[in-house]
Amino acid sequence: MDLRNTWDKWPDANGRFGEFGGRYVAETLMPLILDLEKEYRAAKLDPAFKAQMDDMWAHYVGRPSPLYFAERLTEHFGGAKIYFKRDELNHTGAHKINNCLGQVLLAMRMGKTRIIAETGAGQHGVATATICARFGLKCVVFMGETDVERQKPNVFRMRLLGAEIVPVSSGTGTLKDAMNEALRDWVTNVDDTFYCIGTAAGPHPYPEMVRDFQSIIGIEARQQILEREGRLPDAVMACIGGGSNAIGLFHPFINDEGVRLIGVEAAGHGIETGEHAAALNGGRPGILHGNRTYLLQTDDGQILDAHSISAGLDYPGIGPEHAFLRDTGRAEYLSCTDDEALAAFQLCTQLEGIIPALEPAHAIARIGDVIDGMHKDGLLIMNLCGRGDKDVFSVAKALGVEM
Amino acid sequence: MPTSRITARFDKVKAEHRAALVAYLMGGDPDLETSFQCMCALRDNGADIIELGAPFTDPMADGPAIQRAGLRSLANHTKLIDVLALAARFRETDQDTPLILMGYANPVHSLGYVAFAEAAHAAGIDGTILVDLPPEEDQVLRDEYAKHDISVIRLATPTTHEARMAKVADGASGFIYFVAVTGVTGAGSADPQAIAGNVEMVRRVSGLPVCVGFGVKNGAQAVEMAKIADGVVVGSAFVEHAQSAHESGDYSEAPRGMGALAGELSAAMAAVAKA
């Protein structure tokens, strides 16, 4: 199969990116996701839908986000020029709102009145609750019991925004269990409910739809770097949990084969310890949450719990398009441990005056390795997909600081 | 021929003018030996078909009772091949009772579709219900099953309209499992009158017997479902006896409780004379 210059043609009609993706859902949900696909296709072609998105992006979310030359980090590494795509400056402090806005506007077009979402760290939950508050929609957020306990500020935020939080005690009480419970809610409330999935995973059309909504990141970055430097970057990089911010940055560059696409997974305590969240580097293909993709699993196909200091990367799977980009070699996937991310978190804060979320700190930690092989005049864009305010408590704890 | 085991059983039940009792239990809950005793007790007390659950960490279509059953089984390190071995053990002394393996796609995918189909056939499995493997995604497995006469048993639900049902029926055999309520296993009960039309449509489009499940817990509900369906599936109510056995530590409670419930259900259903 000759894949050159056709990278943007995926998924195929069956929702597959090569051997990944698909629609692995219970029959109750099949008519719903087929209908969702049809409605999404129609919305995508409707200028009124795009106009509504553009208006909200400009005046509510705060787009375009700046492309910032990280001068002191560039000096620090002494190599290629490092640019940050500042998606942490969005309303609610992360890239998540790009996708929530799109999905909730679509839900309203479809006449749905109740929005459900899963959340791990709470960022997707907060973004969903925010958009629901803005449009006066009922919002129910499923969150693992363990996460409810360790993310109290976001739980309070969501409640202030009018969302109902459902703590999930099944399984191990983390993100994957929250997703299971959201799917259970959806099969129960099929008529009025829209499931707003937070990452570029799940059954088709979610991986494609979430990617399209997040692609605003890469579309802007591409235009901004061309304006600033007059040429395309040599590499773009982003952290990966489910992979929505990364695919949003990558996709507008996907047919530009001279641009390296680099994802950074969370290696937790180290891939060799088994306590990590690196599905591509430490997992193998399987079926979970509606798609075939790389998963952390036992020899018997039971799903393993992920581990990462960053709750936003703490997921045992990864979006199917990343699985495809990895197997075809179009993108590269590195990993970063908790300790390396903590060091990068501090480095960025001290040198740039930007407190990054722990998620993009994983990508920052690999910048040195990536520019190592690059020309000094090279250009690197890294997506700073979230701000670190939410993480100050966990960072303080990890550094042994009493607050 | 395994497929004909299911067909033969429905022929027998029909000749007796009644609906089939389809009993679900989770393999390895509370342990594999007890599961074997439970299968025998179910069969001896009137279960016509046995659905053997294979545990999965992320059972997204199941309610709390079956979720817990799966976790108990996994706590014993039950593997898919152990559940197949349990089926094979039952098959040593029972050549007639259809055995349906019910679970999720990933453990089967992990073993490999070719290896699984061979192993399931060797274990005497007659069909499988893989909840998250809809018709769009089961072609490879279906081709393997065809080599071994294993049935693909599909789910239909109240959201399955007639055009969709044609897709669901395509390649299905044995019977269709009609999920009576939109929701998870063990959730609220359905009104048999409200779904009678759906069941009739499913039977007409598929040409297969239709077993109705989700939310059937006692004899009275089973009787009402038996009036409209070719078979009645009971799951969570059986599984609760494994939970009591686990909690009390007296595992003999599980086959005793399941046997008694099967006896109650089958006696009640036998009173419904069907054409």
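A residue is taken as buried if 20 or more other C-beta atoms lie within 10 Å of its own, as exposed if 12 or fewer do, and as partly exposed in between, the C-beta atoms being placed from the backbone. The model examined here is predicted, so that local features need pLDDT of at least 70 and side-chain atom pairs count only at pLDDT 80 or more, whereas totals for chains, interfaces and linings use all residues. Residues are numbered from 1 along each chain as its sequence is written, and chains are lettered from A and ligands numbered from 1 in the order in which they are written.

By the burial criterion, I247(A) is buried, with 30 other C-beta atoms within 10 Å. I247(A) belongs to helix 11 (residues 244–250) of chain A, where helices (H or I, at least four residues) and strands (E, at least two) are DSSP runs numbered from the N terminus. With contact defined as C-beta atoms, placed from the backbone, within 7 Å, and residues up to four places away in sequence not counted, I247(A) touches A200(A), R211(A), Q214(A), G319(A), E321(A) and H322(A). The C-alpha atoms of I247(A) and Q350(A), which are 103 residues apart along the chain, are separated by 28 Å.

Chain A is assigned domain 1 (27–57 + 96–210) and domain 2 (63–93 + 215–398), the bounds coming from an automatic or database domain assignment. The C-alpha centres of domain 1 and domain 2 of chain A lie 23 Å apart, and 27 residues of domain 1 are in contact with 28 residues of domain 2. On the domain 1 side, the elements that give two or more residues are helix 4 (96–109), helix 5 (123–135), helix 7 (152–160), helix 8 (175–188) and helix 9 (206–214) of chain A.

Chain A also holds an open sheet of 4 strands in the order 1-2-12-11, with antiparallel pairing, two strands being paired if DSSP finds at least two bridges between them. Its edge strands, each pairing on one side only, are strand 1 (16–17) and strand 11 (284–288) of chain A. Strand 2 (residues 20–24) and strand 12 (residues 290–295) of chain A pair in the antiparallel sense over 2 bridges, and the bridge partner of G21(A) in strand 12 of chain A is R292(A).

The secondary structure of chain B comes to 12 helices and 9 strands. The radius of gyration of chain B, taken over C-alpha atoms, is 17 Å, close to the 19 Å that the globule rule gives for 275 residues, so chain B is as compact as a globular protein of that length; the rule is 2.2 Å times the number of residues to the power 0.38. Buried residues make up 63% of the 275 residues in chain B. Among contacts in chain B with a separation of 6 or more, 76% are between residues 24 or more positions apart.

At the interface between the chains, 34 residues of chain B are in contact with 27 residues of chain A. Helix 5 of chain B gives the most to the side of chain B that touches chain A, with 6 residues.

Notes
Contact = placed C-beta atoms within 7 Å.
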